[in-house]
Structure formats: structure tokens, C-alpha cells
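Work through the exercises below with the coordinates open, and try each task before reading its solution.

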Amino acid sequence: MALENMDLPILIGQSGPLNGLRWTIEGVLTIGREDSCDVVIPDRQVSRYHARLYPQEGGIYLEDLASKNGTFINAARLEVPALLQDGDLIQIALLQQFVYLSSDATLPLGPGIPLPEGIQRMPEEGKLYLDKLSRRVWISGEEVLPALSVPQFRLLDTLYNHSGSVVSRSDVVTAVWGDKEAVGVSEQALDALVRRLRDRLAALDSSHPYIITVRGHGIRLDNPSHE
């Protein structure tokens with residue numbers, strides 16, 4: 001199996017007209033409607049020069065260029081330049097969503113793996129398939145859209161990596177929120193996150209629960225095989 005090495009941060013279109021396309025961030029990357037932009041979104045909802053990503057000490061920053069319809073990070077409107085974190089979801093107006101991935105990510109390419117351009121060739125092991133690099137999820141070949149939120153994806157990714165096995169609630173909390181934030185996460189917050197993820201998956205396949213709570217033990221992913 002070949003590996004596609006990512007030595008630089010990348011931006012991947014998740015939903016909208018640029019879904020599945022990707023850009024390597026080697027310097028300043030402008031986003032807008034104007035043809036001279038690095039990432040062109042030809043729609044009137046998008047300003048001529050809408051936003052830009054640029055490297056600075058500490059990482060990659062995102063800046064809104066006084067756009068009319070706004071730039072958003074994880075559903076929050078961007079007011080001042082912000083340092084991007086791995087997995088951040090970027091929304092341009094109400095039209096196009098991207099995911100930002102930091103450097104040193106790798107994507108296995110081979111039969112049965114969906115390619116970045118959106119070629120959906122599902123693996124045989126389960127109806128649900130998760131692509132860690134692009135942060136995209138499919139059920140029986142149909143993509144979960146809009147994309148999962150960062151916490152939802154981290155939860156599903158944790159269970160997917162232990163498919164069929166029970167993951168303790170404490171391990172799930174740490175995986176989703178991180179060591180520092182995990183201390184303050186309540187049982188209710190985790191239950192609410194699990195419920196929202198179940199609802200997102202049920203929107204595509206309500207015939208199977210996928211996310212199973214095992215009382216007194218934890219949570220597991222039940223990923224049925226293709227018929």
C-alpha cells in the first residue's frame with residue numbers, strides 16, 4: 001500500500017462547489033471569487049477577496065478580508081486573525097466548507113479507499129467508512145454531509161479505531177477533549193455528544209444504531225458489513 005506524504009499543511013474542501021479538492025499551504029493562500037485568488041469560489045456569496053491563510057511564527061493563521069458574508073472557524077465568525085489547529089473547520093460565507101490539516105499527515109491509498117477527489121470506493125469491512133486525513137465519513141457509499149463537527153469526528157474516529165471493542169468513557173473524553181480539558185467534562189456533555197453523533201449517522205441509516213453504550217463499561221462502534 002502506497003503512502004501519500006504530507007510535509008506541509010493542507011486545506012481540503014469538504015462541502016460546497018470545491019468538495020474533495022485540496023491545496024498545499026506553502027505560503028499565503030487567498031480565497032475569493034476573483035480569478036487571481038489561489039482558491040477560487042465562483043459565487044456571488046463570496047467576496048472578490050474573501051479570506052487568506054498565511055504562515056507566521058507558531059503556525060498557519062486565517063484572516064477574514066472584510067468579507068460581506070463572513071468567514072467562520074468551527075461555526076464561530078472570525079473577527080481577528082486566528083491560529084489554525086489541526087481539524088479546524090473553515091466556512092466561507094454559507095457556501096463552502098474546508099478542513100485544515102496540519103503537517104506530517106499521511107493517507108493510505110489503495111483499492112477500496114476513497115481518493116481525495118471524491119472517488120468513493122468503499123472497503124468491504126463495514127458499511128461505515130472514515131477517512132482520517134480528509135475528516136470525511138461515508139455510510140454505504142453516501143457521504144455524511146454537512147461534515148461532522150470536530151468533537152463528533154474525534155468521537156467517531158476513536159470508536160472506529162477500536163471498532164467492535166468497548167472504549168471506556170474516560171478514554172473517550174480524553175480523546176475528544178484532550179488531557180487538559182477532560183477534567184472539566186461532565187457525563188452529560190459526553191452523553192449529549194454521543195446523542196448528536198447518533199442523530200447524524202441515523203440521518204443516513206436509521207436501520208442500525210452504530211454507536212452502542214455499554215452500561216458500566218463504555219462505548220463501542222458496531223459497524224455492520226455490507227450486504
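**Exercise 1: helix α2**

In α2, the residues Arg169, Val172, Val173, Val176 and Ala182 are buried, where buried means under 20% relative accessible area, exposed over 50% and partly exposed in between, with a 1.4 Å probe and protein chains only. The model is a predicted one, in which local features need pLDDT of at least 70 and side-chain atom pairs count only at pLDDT 80 or more, while totals for chains, interfaces and linings use all residues. Residues are numbered from 1 along each chain as its sequence is written, and side-chain values use heavy atoms, with hydrogens and water left out.

Solution. Begin with the cover, which includes α1 (150-160), α3 (187-202) and β18 (218-221); helices (H or I, at least four residues) and strands (E, at least two) are DSSP runs, numbered from the N terminus. Next, take the expected span, defined as 1.5 Å times one less than the number of residues: a straight helix of 14 residues would span 20 Å, whereas α2 (residues 169-182) spans only 11 Å between its end C-alpha atoms.

**Exercise 2: packing against α3**

Task: at what angle do α2 and α3 pack, and which residues make the contact?

Solution. The angle is about 75°, with the axes 11 Å apart; axes are lines fitted to C-alpha atoms, for helices over the stretch in contact, and angles run from 0 to 180 degrees between N-to-C directions. That makes α2 roughly perpendicular to α3, a term for angles of 65 to 115 degrees. The contact (heavy atoms within 4.5 Å) is made by Arg169, Val172, Val173, Val176 and Trp177 of α2 and by Glu187, Ala189, Leu190, Asp191 and Leu193 of α3.

Task: repeat the analysis for α1 and α3.

Solution. Here the angle is about 85° and the axes lie 10 Å apart, and α1 and α3 are therefore roughly perpendicular to each other. The residues in contact are Pro151, Gln152, Leu155 and Leu156 of α1, together with Leu193, Val194, Arg196, Leu197, Arg200 and Leu201 of α3.

**Exercise 3: Leu11**

Task: is Leu11 buried or exposed?

Solution. Leu11 has its place in strand β2 (residues 10-15), and with a relative accessible area of 0% Leu11 is buried. Leaving aside residues up to four places away in sequence, Leu11 touches several residues, including Leu21, Trp23, Ile90 and Phe98.

Terms used: Angles under 35 degrees count as roughly parallel, over 145 as roughly antiparallel, 65 to 115 as roughly perpendicular and the rest as oblique.
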